[in-house]
Amino acid sequence: MYLIKEAAAISGVSVRTLHHYDRIGLLVPHKGENGYRYYTEEDLEALQSILFYKYLGFSLNDTRDLLERAKADRIGMLEQQLSLLEGEQRRLASLIRTLEKTIRYHKGETTMTTEEKFSGLSWKDGLKYTEEARRCYGDEAIDGALSRQKGREPEVEAAFNQVFFALADNLENGLPADAPENLALAETLLGHIRSYAFDCTIEVFGHIGAGYYANPEFRKNIDRFKEGTARYASDAVKAFVERSQG
């Protein structure tokens, strides 16, 4: 058992933060008759997971839900965290390569396409997008998608980015969302989902497209290509689905 100051010293988390975690029910230690908080080894393991999820960008509310779900399968949670961190490692490595090439480009040492400037800045924003997708589409679908993508992450990122870059360009050029060019891009997007994620029906694709704009996390990530791209993409998918079902 560890007193709160000892738990803080071991973990590097401030006493104030531990008090806050206690207040919101995220990490509730045993309280002695003397009013002191006592942390068990199990509590410190939970704190380790909280810090992992904090590093990965999850909110405290999301972290609480994840810890609750992990009570039945702690090893599964740890393996998921490892997978997420490995994905973050790959993304950071890609960002470093992009930044290094950008520096060489500005020094006149190499050429660089517009698409290459955004390599590693994935439209899906990796980790937070994945957890949001789990809430929307379920663990089975997302686990299957991640399995299909394993070892192919750069290929997947490039494929989806190409579609959203093209949509952003069409938006910039004033094409209506239901223009033939955008319907073709929506069809390409559906193909990517089927190839890299799961066997998506037209109906489900319609729901995914609606989520591009309706879901704040998805909208924020897609609008990185250009403000308004999420709504534009959502409308393009809607038009494609309606014509396909027509």
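Colleague: Which residues of α9 are buried?

Modeller: In α9, the buried residues are N182, L183, L185, A186, L189, L190, H192, I193 and Y196. Buried means under 20% relative accessible area, exposed means over 50%, and partly exposed lies in between (1.4 Å probe, protein chains only). Helices (H or I, at least four residues) and strands (E, at least two) are DSSP runs, numbered from the N terminus. An α-helix has 3.6 residues a turn, so residues three or four places apart point the same way.

Colleague: What kind of model is this, and how are residues numbered and values taken?

Modeller: This is a predicted model, in which local features need pLDDT of at least 70 and side-chain atom pairs count only at pLDDT 80 or more, while totals for chains, interfaces and linings use all residues. Residues are numbered from 1 along each chain as its sequence is written, and side-chain values use heavy atoms, with hydrogens and water left out.

Colleague: What is the mean pLDDT of the protein?

Modeller: pLDDT is the predictor's confidence in each residue, from 0 to 100. Its mean over the protein is 81, with 83% of the residues at 70 or more. Over residues 123–129 pLDDT stays under 50.

Colleague: How many helices and strands does the protein have?

Modeller: There are twelve helices and three strands. Of the 246 residues, 40% are buried.

Colleague: What span is expected for α9?

Modeller: The expected span of a helix is 1.5 Å times one less than its number of residues. α9 has 17 residues and reaches 24 Å from first to last C-alpha, close to the 24 Å expected. For α3, with 15 residues, the reach is 21 Å, close to the expected 21 Å. The buried residues of α3 are D43, L44, A46, L47, S49, I50 and Y53. After α3 comes G57, with a positive phi near 95°.

Colleague: Which residues touch the most other members of the largest nonpolar core?

Modeller: A nonpolar core is a set of buried Ala, Val, Leu, Ile, Met, Phe, Trp, Tyr and Cys residues joined through side-chain atoms within 4.5 Å. The largest one has 33 residues, and F164, L167, L189, I193, F205, Y212 and F240 touch the most other members. Two or more residues each come from α8 (153–172), α9 (180–196), α10 (202–214) and α12. A second, separate core has 21 residues, including Y39, L47, Y53 and L66.

Colleague: Is V15 buried, partly exposed or exposed?

Modeller: V15 counts as partly exposed because its relative accessibility is 28%. V15 is in helix α2 (residues 15–23). Contact means heavy atoms within 4.5 Å. Apart from neighbours within four places in sequence, V15 is in contact with I4, K5 and A8. The C-alpha atoms of V15 and I4 are 6.6 Å apart, with the residues eleven apart in sequence.

Colleague: Is R231 buried, partly exposed or exposed?

Modeller: R231, in helix α12, counts as partly exposed because its relative accessibility is 41%.
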